[in-house]
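This report describes the packing of helices, nonpolar cores and aromatic rings in one protein model. The sequence and structure come next.

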Amino acid sequence: MNVKILKPVTVFICSVLTLTAIAQKDSPAATITASDLESHVSFLASPLLMGRMNGEKSLDIAAEYIASQAKLAGLKPANGNSYFQPYTLGREINDRDKSEVKIISGDSRNTEISKAPLYCVSPYGPSNISFEGDVVFAGYGIKSDNNNYNDFVNIDTEGKILLIMDRAPTSDDGTCRFNNPEWIAENNIRMKYSSIMLSKAKAVLVVPDPKSGFRSLAESNPQLAGYTGARIFNGEKPESYQGSSPNIIFIHRNLADNILKGTGLSLEYLQNGIDQNMKSYSFAINKKIAVNIVTKEESMPMKNVAGYIEGSDPLLKNEVVVFSGHYDHVGGYGDKIYTGADDNASGCAALLEIAQAFQLSKTKPRRTILFLWVSGEEIGLHGSAAYTRNPLFPLENTVVDLNMDMIGRVKTPADTGDDNPMSGPGTVFLITDNQSSELSAIAKQVDNRTDLDFDYSLSGPNHPLQLFARSDHYNFVKHDIPAIFFSSGLHTDYHTTRDVIGLLDFGKMEAVSRAMYEIGLEVANRKARIAVDNPFSKWGSRNR
């Protein structure tokens, strides 16, 4: 615990000492400080906000905070007299009143009905599903030759409904007994797909294993529960996709206990036997199950937050420079909160500080500056899509989008894989579309006059990680609006409960925020609007 706290503090001190300020002390950029950034992040990434999940009250609290800070900074409300831009999404969820699981023992007269929550991963998300069949307990649902382990030995699984435990066998100290710890990671179900497919089962019910201490997916993996608990859409509802996989449903521990009731065997007993002996305890349960999942649709009110500084030039003020960042995250349950300090409380704080810097300048920018905090990013870039569908300022007058998403972390020894590109304390990834050579030249000028180095290696539509299309700037790009996207990278704590305030480097955030301010200031004050000499609409499908 102490090591994790000391490390970011050390990095923070080093960053503050080594990163050269972009502006002199009398420049407005100097008002962007590490301490002010930390203050904003401390509120937005507080566990009390429960991970700022879309559709939850905690996200509304975050929106109110941002709006109040925008007002304090002197920004004008961008939507008439309001800082909020409402929009509505559709949401399909399981109808708990109509959905049920029947446990049938012997004849149909001996039936129990369960209304416990169900989370479908195949098909993914809420779906109207009905099936019935005999139940077989199949341990962890694993067949692994490399580990000399097979839960499917001596049982008939074809056409059956399998009851399996989440994760894999563990030792007394909680470590995985297999040679790959991914077997006990949060999303370990993907490791079991091949075994499940080969079993030819009709359906699979997955229950949290007793040693985990969890009783439902909402507790063990709130992020997956959130994604599978609701299908979000705008306009026409997308069809659910299952492919050839059997139905795979995460169930509550209460339901599993009721299924095993009368067998004389508890889930704890079965798990302990498997873990100690590393052999199959699978058996046919003399019961049938009938699952009936019914969905319903409801509206999901959402909102962006927007404030602006009017340009000082009587003509150029009609053109707009946009600073954007998303304020939503992926939620949490109980003590397991995805606080999203880097993703993206860091970017939200940066926008607030940049707004204040513009306001404190003695000379106001020639063009109008819009600060846009969007929701719905984590579920499909919906907030920025809603803005570009119904812009508060005409898109044809929008000069650029400068997007901030995850700007507060530095590379650690864990960030070594191709899927986890990370920047150091004096570096930030600048992800660009190259729609405007003038914008690229402005960024390089800012890069050259500061010790903060811009790394362009993640740019463009052809990078395997596709970060170019994974944040809110992309909805502006699709309208031929050039964009710059600052990010410190994809650390191994991305979308985990470890994305916390204590691991942020606020000195780096200060430098990155000042750099983005300088880029925006130059674009806003140019006599001529930056040219779009490589518009997205002319790229062709290969480069999108």
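The expected span of a helix is 1.5 Å times one less than its number of residues. The model examined here is predicted.

## Helix H11

Helix H11 runs over residues 437–448 and has twelve residues. From its first C-alpha to its last it reaches 16 Å, close to the 16 Å expected at 1.5 Å a residue.

Leu439, Ser440, Ile442, Ala443, Val446 and Asp447 are the buried residues of H11. They lie on the same side of H11, because the arc they cover around the axis is only 160°. Another residue of the 437–448 stretch, Lys444, has its charged end over the ring of Tyr456, 4.3 Å from the ring centre.

## Helix H2

In H2, which spans residues 34–44, the buried positions are Ala34, Leu37, His40, Val41 and Leu44. These residues are on the same side of H2, because they cover an arc of only 130° around the axis.

## Nonpolar cores

The largest nonpolar core has 64 residues. Within this core, Phe323, Phe371, Trp373, Phe486 and Ile519 have the most contacts. Helix H9 (residues 341–360) supplies the largest share of the core, eleven residues. A second core is separate and has 36 residues, among them Cys120, Cys176, Leu255 and Ile285.

Leaving aside residues up to four places away in sequence, Phe486 touches Asn403, Met404, Asp405, Ile407, Val428, Phe429, Leu430, Phe454, Val512, Ala515, Met516 and Ile519.

## Aromatic rings

The count of aromatic pairs comes to 17. One of them joins Phe468 and Tyr474: the ring centres are 5.6 Å apart and the planes are at 75°, so the pair is edge-to-face, since planes over 60 degrees apart are classed that way. Both partners are buried, as the cut-off is under 20% relative accessible area: Phe468 is at 1% and Tyr474 at 13%.

Ring pairs also link Phe323, Phe358, Phe371, Trp373 and Tyr517 into a cluster.

Elsewhere, a charge sits over a ring at Phe84, where the charged end of Lys303 is 5.3 Å from the ring centre.

Methods
Residues numbered from 1 in each chain as written. Predicted model: local features only at pLDDT ≥ 70, side-chain atom pairs only at ≥ 80, totals over all residues. Heavy atoms only, no water. Phe/Tyr/Trp six-rings, centres within 6.5 Å; stacked < 30°, edge-to-face > 60°. Buried < 20%, exposed > 50% of the residue type's maximum accessible area, 1.4 Å probe, protein only. Lys NZ or Arg CZ within 6 Å of the ring centre and 35° of its normal. Helix = DSSP H or I, 4+ residues; strand = E, 2+ residues; numbered from the N terminus. Arc of directions from axis to C-beta. Core = buried A, V, L, I, M, F, W, Y, C linked by side-chain atoms within 4.5 Å. Contact = heavy atoms within 4.5 Å.
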